[in-house]
Amino acid sequence: MADFAQFVFAGLTTGAIYALAALGFSVIYNASGVINFAQGDFLMLGGMVAATLVGAQVPLSAAVLLAVIVGVAAGLLLYLLAIRPARNANILSLIIITIGASLFIQGAVQLVLGKNQRTLPAFSGDDALSWFGAYVLPQSLWVWGVSIVLMIGCACFFKLTLTGKAMLAVAANRLASQAVGISTSRMLLLSFGIAAALSTVAGAVAAPITTTVYDLGLMLGMKGFVAATLGGLGSGVGAIVGGLLVGLLEAFMAGYVSSAYKDAVPFVLIIVILLVMPQGIFGKRSTERV
């Protein structure tokens, strides 16, 4: 029973990180129809920038804040310099652009910050807590808490604010939104900023547990995409559920079978999803974009 609880806690921790990455995928997909494969690199940026700044004697809280600012700036620049100039291109071309942006971000981080692994100190110590016979690091509580706050914040933003509702209107019908005075370009820019913020915060909070390196974003991005697809691409609730499921399945695979096969779980999942239920758990069975 203790082993099972340990695997559950480990799965929920990594699953919360995947859920935030998946939520970023869903935010951008809803607004623009683009699948942003640079999403995982914002996770990497959060951890790398924060760890580098802490190593330069910047206080931890200021380092995390500056890392989030850098990540959001990178997300906005991705839209302004790459996506907006090619807005009339087909979806496949836009996806290829995001893959190119991912490679560019990795190269820039490798050049500026180096290619060595970096670690960030735990936010509130390393003394593990004992729950149900299992041990939980205090940093895992930070991951869960921050993830819950961000998820609730996103839900409130889209349901309770005019800007959030305007973004949903753009996602539903771009031409009609323009007709009533909504700036679709501004909404798309905002969607890239929000998605980058979600992933950058997740990367900074997770860095004390996972460590970070310049090419970490590729794997995290793929797992976030699998989580978003599993839950139903474009569904916020689906992104959260999908992220937690991927994290739990990985933890059980590592614990009960072998850690060597842990990273294979998302790739097997994506094949099963595409074959069995391509719309995902909470996705719509048919979608029409105008």
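**A pocket, a cavity and a helix pair**

Helix H1 gives eight residues to the lining of the second largest pocket, the largest share of that lining. The model described here is a predicted one. The second largest pocket holds about 630 Å³ of space. It is lined by 31 residues, and those closest to the centre of the pocket are Thr 14, Tyr 18, Ile 209, Thr 210 and Lys 262. At least two lining residues come from each of H1, H2, strand S2 (134-136), H8, helix H9 (216-231) and helix H10 (236-257). Sorted by class, the lining of this pocket has 16 nonpolar, 11 polar and four charged residues.

The structure has one cavity of 30 Å³ or more, and the space in the largest cavity is about 30 Å³. Helix H1 (2-32), helix H5 (138-160) and helix H8 (184-210) are the elements that supply two or more residues to the lining of the largest cavity. H8 provides the largest share of that lining, four residues. The residues that line the largest cavity are Ile 17, Leu 20, Val 143, Val 146, Ser 147, Val 201, Ala 202, Val 205 and Ala 206. By class, eight residues of this lining are nonpolar and one is polar, with no charged residues.

H2, one of the elements that line the second largest pocket, also packs against another helix. Helix H2 (residues 39-55) and helix H3 (residues 60-83) meet at an angle of about 140 degrees, and their axes are 8 Å apart. The crossing of the two, H2 and H3, is right-handed. On the H2 side, the contact is made by Phe 42, Leu 45, Gly 46, Val 49, Ala 50, Leu 53 and Val 54. On the H3 side, the residues in the contact include Leu 60, Ala 63, Val 64, Leu 66 and Ala 67, and also Val 70, Gly 71, Ala 74, Gly 75 and Leu 78. The contact of H2 with H3 has 14 nonpolar and three polar residues by class, and no charged ones.

Is Thr 212 buried or exposed? Thr 212 counts as buried because its relative accessibility is 3%, and the cut-off for buried is under 20%. Apart from neighbours within four places in sequence, Thr 212 is in contact with Met 44, Gly 47, Met 48, Asn 116, Gln 117 and Arg 118.

Methods:
Residues numbered from 1 in each chain as written. Predicted model: local features only at pLDDT ≥ 70, side-chain atom pairs only at ≥ 80, totals over all residues. Heavy atoms only, no water. 1 Å grid on protein atoms, 1.4 Å probe; cavity = no way out; pocket = protein on both sides within 12 Å on 5 of 7 lines; lining within 4 Å. Points joined across faces, edges and corners; volume = space filled by probe spheres on them. Nonpolar A, V, L, I, M, F, W, Y, C, P; charged D, E, K, R; others polar. Axes fitted to C-alpha atoms, helices over the stretch in contact; angles between N-to-C directions. Left-handed = near helix turned anticlockwise from the far one by under 90°. Contact = heavy atoms within 4.5 Å. Buried < 20%, exposed > 50% of the residue type's maximum accessible area, 1.4 Å probe, protein only.
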